[in-house]
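This briefing covers a structure with two protein chains in the form of selected geometric features. Please look at the model first and then read the points below.

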Amino acid sequence: MRDSDIAHAVGGAHGVRHRLLVLVNSLAIFAAFLLLWELVIRAGHVPPFILPSPWRVAEVIHERFPALAQSFMITAVTASVGLVASIVAGVGVALVFAQSRWTRRLLYPYTLLLQTVPIVAITPLIILWVGAGTGAVTLITFIICLAPIIANTTQGLISVDENLIHLFLMHNATRGQVLFKLRLRNAIPSLFVGIRISAGIAVIGAITGELFAGSSSVGRGGLGYSIIYASQQLQTDYLFALIVASALLGFSFYFIVYFLEWYFLHEWHESARTPEVE
Amino acid sequence: MSAQPRRAQDFAVPQIEFAGVAKKYDRLILDGLNFSVTKGDFVSILGPSGCGKSTVLKLISGLTPANSGTILVDGMTPKNARETMSFIFQDPTLLPWRTVRANAGLGLELERVPREKRDEKVDALLELVGLSHVARAYPRQLSGGMKMRLSIARALATDPRLLLMDEPFAALDEMTRDRMNEELLRLRDEQKWTVVFVTHSVAEAVFLSTRIIVLSANPGRIHADIPVMLPAARAADLRTTPEFEQCVTAISRTLWEARTA
C-alpha cells in the first residue's frame with residue numbers, strides 16, 4: 001500500500017545562478033545611475049544646496065554617522081513599538097470581531113474610520129493630548145498600523161473551512177480548543193498579510209509623525225525630525241543622507257517581516273513558498 | 001408484520017434509529033424518515049443530487065438538529081453519542097500546519113488523551129494505512145489518496161464503533177478509489193465498525209455494503225431499502241462476477257425509478 005513519494009520542492013543550481021545574474025544586473029544599473037548623477041552635477045554646475053553629488057552624500061554619511069545612526073535608531077524603535085503594539089491590539093480586536101457577525105456589524109465601521117481619517121488631520125490632537133515627542137509618534141504609528149492588522153486577522157479567523165469546524169465538534173472540542181488549535185492557527189497567514197502592509201506604513205507613519213511631533217528636546221530626534229531640521233538649515237546633503245537612512249529602515253522592516261513569514265510558514269503554507277513581489 | 005422467517009440480525013440491537021425524522025432548511029429536505037441500522041451493518045445511501053444524503057449523516061452526528069421526529073444512536077441523542085462515532089468528510093479536511101502524525105492524533109488530542117498513549121496509537125494507525133514513511137511530512141506533500149488515508153487514520157484513532165462517511169472517495173481517480181474500497185473493507189473486517197456511507201457510485205455502494213438505502217428527492221424519502229446478497233468476504237475480483245453485475249444493474253434501475261418518482 002505504498003503510494004507515490006512525497007513531492008519535493010524544485011530548486012537548485014539553476015535558480016541560484018539566475019538570482020545572482022539579477023543581482024549583478026541591478027547593481028550595475030544602480031552604479032550607472034550614480035555615475036550619471038555625478039556627471040550631471042559636474043557638467044551643469046548645480047549648486048550643492050539644490051542637489052548635492054552622490055559623493056558628497058557619501059561623505060556626509062561618513063562625517064555625521066553617529067547623529068545619523070542615532071536618528072535611525074530612534075525612528076526604528078518608535079516604528080517597531082508602534083507596530084508591535086498594533087499587532088497585539090489588532091489581534092485582540094480581531095478575536096472580539098470573530099465572536100459573532102453581530103459584533104462585526106456593530107464595530108466594523110469604526111475600523112473603517114481608523115483607515116479613512118488622514119492621520120495628519122488628527123496629529124495636532126494627539127500632540128495636544130500626549131505632548132510632542134516619542135510617545136506621540138508611537139501613538140501615530142500604532143493608529144495607522146491598526147486597521148490592516150484587524151481586517152486581515154478577522155478575515156483569517158472567520159474563514160475556516162466549515163468541515164474543519166465540524167471535525168472539531170465531532171470530537172467534542174471546547175470553544176478554547178476551536179479558537180487556539182483551529183481559528184488562530186488558520187489566521188496566521190492572513191495575520192502576516194496584515195503585518196506586511198503595516199510594517200511598510202509603520203516606517204512611513206513614524207517619519208511623518210516625527211515631521212509634526214518630532215522631539216521634545218531640540219537637536220535630538222528621529223529621521224523625520226532631522227529631515228525637517230536639515231531642510232530648514234538648507235543642509236541638503238544631510239537631507240539626502242537622511243532619505244537614504246529612511247529607505248534603509250523601510251527595507252529592513254520589509255525584510256524582517258519577510259523572514260519571519262518565511263520562518264513560520266514555509267513548511268506548510270503554499271504562499272510562503274513562492275512569494276509575490278509587491 | 002410479514003409471515004417470513006426473520007434473520008438472526010433482525011433481533012440485534014439497532015445502533016441507529018430514525019423515527020419520523022424531517023429536516024427543513026429553506027425548503028423541506030428530508031421527510032418521514034424511518035429506518036434503523038444494526039450493529040455491524042455497512043449501509044450505503046444512494047440518491048439523486050439534492051435528496052439530502054449528506055444531511056442524513058449530519059443528523060446522525062448531531063451536527064444539525066432534526067425539525068421533527070427522533071434520532072437515537074446507541075440509545076442516546078446524537079450529540080451525546082459522538083464519542084462512539086467518527087465522521088469522514090468528502091475532502092480530507094486536514095490541518096495544513098500540522099504534520100501527518102499530528103493530524104492523525106488530532107481527535108485524541110482534542111479528547112485530551114496523554115501524549116505517549118496518543119503517539120503509540122497514531123504510529124500503529126499510520127502503519128496500518130501505509131503512511132509511516134511520511135509521518136513527518138505536511139499534508140501539501142501528499143497525494144490525494146494519501147490524504148484520504150490520513151483522514152481515515154485520524155477517524156480510526158478514537159476507536160469509533162460507528163463510521164459516517166460522506167462521499168470520501170469522490171475526488172479520487174477510479175483506480176485509487178477501487179483500491180481504497182478494498183482497503184476499507186479489509187480494515188472493517190478487522191475492526192467491525194458499523195458504517196453509514198454516502199456515495200454517488202452504485203458500483204462502490206454494491207461492492208462495500210451489506211445494505212443500500214435509495215432516497216428519492218424533493219423531499220428526500222426512502223424509496224427502497226435493499227439488502228446486498230453478496231458474500232460477506234469480498235475481494236477485488238468480486239467486481240467481475242455476474243452476481244455483482246446483476247446487483248449493480250438492479251440498484252441502478254431502482255435509482256432511476258427514485259429519480260423519476
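The model is predicted, so local features are given only at pLDDT of at least 70 and side-chain atom pairs only at pLDDT 80 or more, whereas totals for chains, interfaces and linings use all residues. Residues are numbered from 1 along each chain as its sequence is written, and chains are lettered from A and ligands numbered from 1 in the order in which they are written.

**Chain B overall**

- Chain B has 8 helices and 9 strands; helices (H or I, at least four residues) and strands (E, at least two) are DSSP runs numbered from the N terminus.
- The radius of gyration of chain B, 19 Å, is close to the 18 Å that the globule rule gives for 261 residues, so chain B is as compact as a globular protein of that length. The radius is taken over C-alpha atoms, and the rule is 2.2 Å times the number of residues to the power 0.38.
- Along the principal axes, the C-alpha atoms of chain B fill a box of roughly 55 × 40 × 40 Å.
- Of the 261 residues of chain B, 44% count as buried. A residue is buried if 20 or more other C-beta atoms (placed from the backbone) lie within 10 Å of its own, exposed if 12 or fewer, and partly exposed in between.
- Among contacts in chain B with a separation of 6 or more, 70% join residues 24 or more positions apart; a contact requires C-beta atoms, placed from the backbone, within 7 Å.

**Contact between chains A and B**

- In this model 23 residues of chain A are in contact with 24 residues of chain B.
- On the side of chain A that touches chain B, the elements giving two or more residues are α7 (162-170) and α8 (175-213). α7(A) gives the most, with 7 residues.
- That side of chain A divides into 10 nonpolar, 7 polar and 6 charged residues. Ala, Val, Leu, Ile, Met, Phe, Trp, Tyr, Cys and Pro count as nonpolar, Asp, Glu, Lys and Arg as charged, and the others, Gly among them, as polar.

**Helix α6 of chain A**

- Helix α6(A), residues 134-158, has 25 residues and reaches 36 Å from its first C-alpha to its last, close to the 36 Å expected at 1.5 Å a residue. The expected span is 1.5 Å times one less than the number of residues.
- A kink of about 30° lies at Leu146(A), shortly before Pro148(A); the bend is the angle between axes fitted to the seven residues ending at a residue and the seven starting there.
- Of the 25 residues of α6(A), 21 are buried.

- Strands β8(B) (residues 211-216) and β9(B) (residues 221-227) pair in the antiparallel sense over 6 bridges; pairing requires at least two DSSP bridges.
- Arg211(B) has Pro227(B) in β9(B) as its bridge partner.
- The hairpin has 4 residues between its strands, and Asn218(B) in the turn has a positive phi of about 55°.
- The peptide bond from Asn218(B) to Pro219(B) is cis, with omega near -10°.

**Other backbone features**

- Most residues other than glycine have a negative phi, and most peptide bonds are trans.
- Leu234(A) has a positive phi of about 55° and lies in the loop between α9 (223-232) and α10 (236-265) of chain A. Leu234(A) counts as exposed because it has 12 C-beta neighbours inside 10 Å.
- Thr93(B), with phi near 45°, lies in the loop between β5 (85-88) and α2 (100-104) of chain B. Thr93(B) counts as buried because it has 20 C-beta neighbours inside 10 Å.

Definitions and conventions: Two residues are in contact if their C-beta atoms, placed from the backbone, lie within 7 Å.
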